[in-house]
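Dear colleague,

Please find below the structure that I promised to hand over. My notes on what was found in it follow directly after.

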Amino acid sequence: MATLDQCRAALDRLAQNMSSADGSVRSAAALDRSLSCRITDLDVTFVGRLAGGTIQGVTSVPGPPPSKAEIRLTMAGDDLVALVDGELNFAKAWGSGRVKLEAGLRDLLRLRTLL
């Protein structure tokens, strides 16, 4: 089971990868939306903002998210780390229910390039 620090480091790596991306990935990351990532096995939620091509202002709160973010992810800590490390395919994880993604339809269409 991934630790809180490992999950935080994975989100930091994701933010760094996004900020150095180009092309269609950079375009997908150009959204300005509130973001939450609930880690079910740790009972913690990371909240922040997708803006400026990266994830900004990430903090963690115990339990479920305090408010409904515009883009919401839910998964186990190990899955977050595996996704960021490229060891888990997002589409397969989403299709099998290991990862849940909730967002508006327009955001989902843009995010498919990013994820």
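**Salt bridges and the sheet**

R8 forms a salt bridge with D12, their closest N and O atoms lying 4.0 Å apart; a salt bridge here is a side-chain nitrogen of Lys or Arg within 4 Å of a carboxyl oxygen of Asp or Glu. Both residues belong to helix 1, four residues apart, or about one turn of the helix. R8 is partly exposed at a relative accessible area of 30%, and D12 is partly exposed at 40% (buried means under 20% relative accessible area, exposed over 50%, and partly exposed in between, with a 1.4 Å probe and protein chains only).

Please note that this is a predicted model, in which local features need pLDDT of at least 70 and side-chain atom pairs count only at pLDDT 80 or more, while totals for chains, interfaces and linings use all residues. Residues are numbered from 1 along each chain as its sequence is written, and side-chain values use heavy atoms, leaving out hydrogens and water.

A search of the whole structure finds eight salt bridges. Among them is the one between R49 and D32, with the closest N and O atoms 2.8 Å apart. This pair links distant parts of the chain, 17 residues apart: R49 is in strand 2, and D32 is in the loop between helix 2 (23–28) and strand 1. R49 is partly exposed at 33% relative accessibility, as is D32 at 42%. D32, R49 and E70 are linked in a network of salt bridges. A further salt bridge joins D43 to R38, with the closest N and O atoms 2.9 Å apart. In this pair D43 is partly exposed at 42% relative accessibility, whereas R38 counts as buried at 19%.

Turning to the fold, five strands form an open sheet of mixed pairing in the order 3-2-1-4-5. Helices (H or I, at least four residues) and strands (E, at least two) are DSSP runs numbered from the N terminus, and two strands pair if DSSP finds at least two bridges between them. Strand 3 (54–62) and strand 5 (100–102) are the edge strands, each pairing on one side only. Strand 4 (residues 71–75) and strand 5 run antiparallel and are joined by three bridges; R72 has E102 in strand 5 as its bridge partner.

Helix 1 (residues 4–19) packs on the sheet, touching strand 1 (33–39), strand 2 (44–51) and strand 3, where contact means heavy atoms within 4.5 Å.

Yours sincerely

Notes. Axes are lines fitted to C-alpha atoms, for helices over the stretch in contact, and angles run from 0 to 180 degrees between N-to-C directions.
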